[in-house]
Amino acid sequence: MVTEEEKEEIRKKVSFDFEKLKSFMSENEDFVRKDASAGIFSLGVLVHLVFSMQQANLNSTPFEKKLKGLHITSRDVERIYTEAVEKINQYSYQNTYKDLREFIADKLSTHKKEIEKMSNQEISFNFVCGLELGRKFKS
């Protein structure tokens with residue numbers, strides 16, 4: 001059982017700066033030029049944050065098993081998003097990353113057809129880039 005003090009310490013370790021992410025995207029428009037790419041990249045960032053929560057709470061990252069060796073398809077995108085949000089809620093961070101979660105939900109839902117047309121390689125690349133750069137956006 002985790003005490004309230006321990007939860008506060010964990011929250012500090014996994015804090016996120018949405019403005020840094022938006023700034024990164026505007027400075028790198030060539031990379032995330034499409035809204036679908038921005039959504040998938042941001043999903044990778046969110047999963048990085050899930051890893052941070054799990055590492056802080058469990059000293060391991062079991063969520064990694066859900067990523068199919070980082071070979072992500074358009075069908076996986078929705079599943080990964082819903083499972084990541086579920087994990088965030090399980091760790092009692094319902095209000096954490098709210099801006100990021102809303103941004104991702106907007107991009108994934110309004111650009112679903114565009115995502116379905118993307119190659120698996122492009123989807124995986126955008127996702128993994130977000131996963132690897134996720135720590136840049138911690139506050």
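## The largest pocket

H48, F51, E64, L67, G69, L70, L131, E132 and R135 line the largest pocket. A pocket here is an open set of points on a 1 Å grid over the protein atoms alone, where a 1.4 Å probe fits, with protein on both sides within 12 Å along at least five of seven lines; lining residues have an atom within 4 Å of a point. The volume of this pocket is about 150 Å³. Its lining has four nonpolar, two polar and three charged residues, and α3 and α7 each supply at least two of the lining residues.

This is a predicted model, in which local features need pLDDT of at least 70 and side-chain atom pairs count only at pLDDT 80 or more, while totals for chains, interfaces and linings use all residues. Residues are numbered from 1 along each chain, and side-chain values use heavy atoms, leaving out hydrogens and water.

## Helix α7

Let's look at one of those helices. Helix α7 covers residues 120–133. Buried residues (under 20% relative accessible area, with a 1.4 Å probe and protein chains only) in α7 include I123, F127 and L131. Among the elements covering the buried residues of α7 are α3 and α4.

## Salt bridges

The structure holds nine salt bridges, each a side-chain nitrogen of Lys or Arg within 4 Å of a carboxyl oxygen of Asp or Glu. One of them joins K66 and E83 at 3.9 Å. This pair links distant parts of the chain, with K66 in the loop between α3 and α4 and E83 in helix α4, 17 residues apart. E83 counts as buried because its relative accessibility is 19%.

K68 and D76 meet at 2.9 Å. K66, K68, D76, R79 and E83 are linked in a network of salt bridges.

Technical notes: Helix = DSSP H or I, 4+ residues; strand = E, 2+ residues; numbered from the N terminus. Expected span 1.5 Å × (residues − 1). Buried < 20%, exposed > 50% of the residue type's maximum accessible area, 1.4 Å probe, protein only. Contact = heavy atoms within 4.5 Å. Points joined across faces, edges and corners; volume = space filled by probe spheres on them. Nonpolar A, V, L, I, M, F, W, Y, C, P; charged D, E, K, R; others polar.
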